[in-house]
Amino acid sequence: MIQFELDTDKSLFNGALDLAEKQVKTLIEGAPGFYPMYTTDGRWKHEGPPGTHWCDGFLPGMMWIFHKRGLLNKRHAVNGSAAPDPSFWFQKAAEYSQPLESRQHDQDVHDLGFIFFSSYYRWYQATKASELNVVLMQAGRTLAGRFQEKGQYLRSFVAENSLFIDLMMNVGLVFYAARESGDRRLRDIAVRHCLTTRRYLVRGDGSVGQEGIFDTSTGEFLKQTTHQGFRSDSCWSRGLTWAIYGFSTCYDYSRDPRLLETAERCADYYITHCPSDGVPPWDFQAPAETRKIVDTSAAAIAASGLLRLCRILPDPVKGHFYWNTAIRILRSLCDQYLVSTDEERDGVLKGGVYHMNRSLGIDESAMWGDYFFVEALVNALFKR
């Protein structure tokens with residue numbers, strides 16, 4: 001495990017986590033049972049498209065992280081935090097996780113990894129209750145049912161001919177189900193999906209396309225395209241960070257060196273093309289008129305992904321570089337993009353982007369951004 005001193009950043013990161021806990025507590029007290037997605041005019045509750053309910057695991061996931069933080073603070077004798085007792089967060093996290101159980105059979109979305117890794121996986125890690133693991137394995141099998149033999153990929157929610165880079169964040173659930181059940185067929189599906197994504201969505205320079213289109217009758221790859229990026233051949237920044245995090249996770253499960261190489265290539269593109277503070281534009285090829293619009297949710301995912309990547313690299317020098325880059329990103333997010341206590345805003349991070357092309361959630365808070373931000377902060381503080 002890489003060990004680096006963070007004494008100069010501990011106060012900053014703990015302050016951000018205290019703010020996050022305060023904001024989530026205010027949310028669940030003011031709107032009990034509500035699972036937010038992105039803010040509009042700074043508020044979670046608003047009229048607008050629900051999407052595919054792909055964010056429902058992130059709120060309980062943040063609560064599980066707060067519970068873990070509380071336990072780690074006790075273990076390491078950390079004092080001075082204004083955060084609630086960890087038992088409070090355990091109760092609330094379980095309360096918000098349990099309603100997601102039926103989603104283990106949801107065949108309409110490709111986002112079961114987002115939903116269950118953030119909620120039930122963390123719940124299972126906290127309790128080791130076997131019935132929770134049964135739910136996780138079933139969710140992985142349900143996701144594996146999206147596999148297209150002709151083309152060798154898990155299809156997106158859009159259509160049978162569609163492969164999304166976002167699925168790299170979800171296919172880990174298939175790996176997990178394979179490992180826990182001993183089902184080699186599931187592992188084979190997961191590996192083949194990763195290699196197809198690597199071949200057709202990750203470009204030679206480490207940039208990525210959001211979507212690949214296939215001929216379903218032959219399995220032939222036809223083209224890259226996008227829903228949320230600037231254009232089909234550009235690099236949508238959040239998609240790139242899904243790739244950094246996702247390929248790192250899948251290497252951890254598979255130990256296939258091709259997946260590690262891909263994660264590094266994507267990470268290097270991100271670092272090379274980002275501004276000095278590590279917070280990217282919403283698309284790396286965005287036109288001049290929108291170039292200044294950043295996506296802090298992409299930065300949070302990148303920071304968390306780099307912290308994962310640095311711990312699995314055999315090269316300690318490069319691992320050190322990725323670690324320091326992640327800390328720089330987190331420092332920038334804390335210094336520049338935290339919601340201020342004197343602002344009438346929900347959420348934790350400002351400056352997120354949900355869907356630029358549909359004008360949704362621009363310069364707002366996003367549940368995925370807040371979730372991966374607090375995940376990265378806790379992992380940095382406790383070097384997990």
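Start with the helices, which are DSSP runs of H or I, at least four residues, numbered from the N terminus. Helix α5, residues 130-144, packs with α6 at an angle of about 125°, their axes 8 Å apart. Axes here are lines fitted to C-alpha atoms over the stretch in contact, and angles run from 0 to 180 degrees between N-to-C directions. α5 and α6 are therefore oblique to each other; angles under 35 degrees count as roughly parallel, over 145 as roughly antiparallel, 65 to 115 as roughly perpendicular and the rest as oblique.

Contact means heavy atoms within 4.5 Å. Residues of α5 that meet α6 include Asn133, Leu136 and Arg141; on the α6 side, Tyr176 and Glu180 are among them.

This is a predicted model: local features need pLDDT of at least 70, side-chain atom pairs count only at pLDDT 80 or more, and totals for chains, interfaces and linings use all residues. Residues are numbered from 1 along each chain as its sequence is written, and side-chain values use heavy atoms, with hydrogens and water left out.

Next, Asp346. Asp346 is found in the loop between α11 (316-336) and β6 (352-355); strands are DSSP runs of E, at least two residues. Its C-alpha is separated by 37 Å from that of Lys318, 28 residues apart along the chain. α2 (58-75), α4 (112-127), α6 (172-181), α8 (237-254), α10 (296-312) and α12 (367-382) each supply at least two residues of the largest pocket's lining.
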